[in-house]
Amino acid sequence: MKKIIGLLCLTVILTACNKSESKGNKNDELKEKKQISQEQKTHSEEAKSSENRISKDEAVKLAMKQFDDYLPNILKTYDGVIDLQVPNTGDFTGDGIEDVAIYWNIAPEGGNAIIGQGLSLYKNDGKTVKVIAGYEPDYLFAFDTIKNGKIIVERLEYAEEDGRCCPSIKTKHALTIKGNKAY
C-alpha cells in the first residue's frame, strides 16, 4: 500500500513539474513570437522610410547643384577660379542619414596657388539637402574623413625645410558645427 501511495505521489509530482515546464516553454515561445513580430514590424517601417529617402548619389547631386549656384559668390569673394570641388559623404548631423561635405579651393586665374579653401556642409534629411554651415579657416587644411559623427580635417603647416608644394606638419582636428559656422 505504501508503495502504491508513494508511486501515486511521484506521478502527481512529475505531472505537475511537466505541466509547469510546458507552461514555461509556451510562455517563452509566446515571448519569442512577439519579439520576432516586433522586429519584423520595425524592419518593415525602416524599409518603407528608406524607400522614400533620396539615395546618397542623389543627395550629392543636389548638394553639388546648390554649391554650383552659390559658387559665383565665393569666386567674387576670393577673386579667383574654382580649382577643386570634391563631395564627401557621411553622417555628421547624427540622424543616421549620410550628409554631404563639399571640399573646395580657389586659385588665382592662370595660377596654381591656393588663395581660398573651405568646406560647404549640407544636411541630408532624406528628402532633400540644405546647406547648414561653412568652414573657411585662415590656415591651409586638407579634408580627411567623416567618422563617428565628426568631420575630421588636417591643419597643414610648413616646416622650415618644406617646399612650397608640401607642408609636412599635419594636425588632425574634429570640426564642431554651431549655427551656420564650423570650427
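Accessible areas here come from the Shrake-Rupley method with a 1.4 Å probe, and for residues only the protein chains shown count as cover. By that method the protein chain exposes about 12800 Å², with carbon and sulfur atoms supplying 53% of it.

Welcome to a predicted model, in which local features need pLDDT of at least 70, side-chain atom pairs count only at pLDDT 80 or more, and totals for chains, interfaces and linings use all residues. Residues are numbered from 1 along each chain as its sequence is written, and side-chain values use heavy atoms, leaving out hydrogens and water.

The protein chain has 2 helices and 9 strands; helices (H or I, at least four residues) and strands (E, at least two) are DSSP runs, numbered from the N terminus. Of its 183 residues, 26% are buried, meaning under 20% relative accessible area, while exposed means over 50% and partly exposed lies in between (1.4 Å probe, protein chains only).

| Residue | Relative accessible area |
|---|---|
| Ser120 | 10% |
| Ile146 | 15% |

Ser120 sits in strand β3 (residues 116–124). Leaving aside neighbours within four places in sequence, Ser120 has contacts (heavy atoms within 4.5 Å) that include Phe67, Val100, Ala101 and Trp104.

Ile146 belongs to strand β5 (residues 141–147). Its C-alpha atom lies 8.8 Å from that of Ala101, 45 residues away along the chain.
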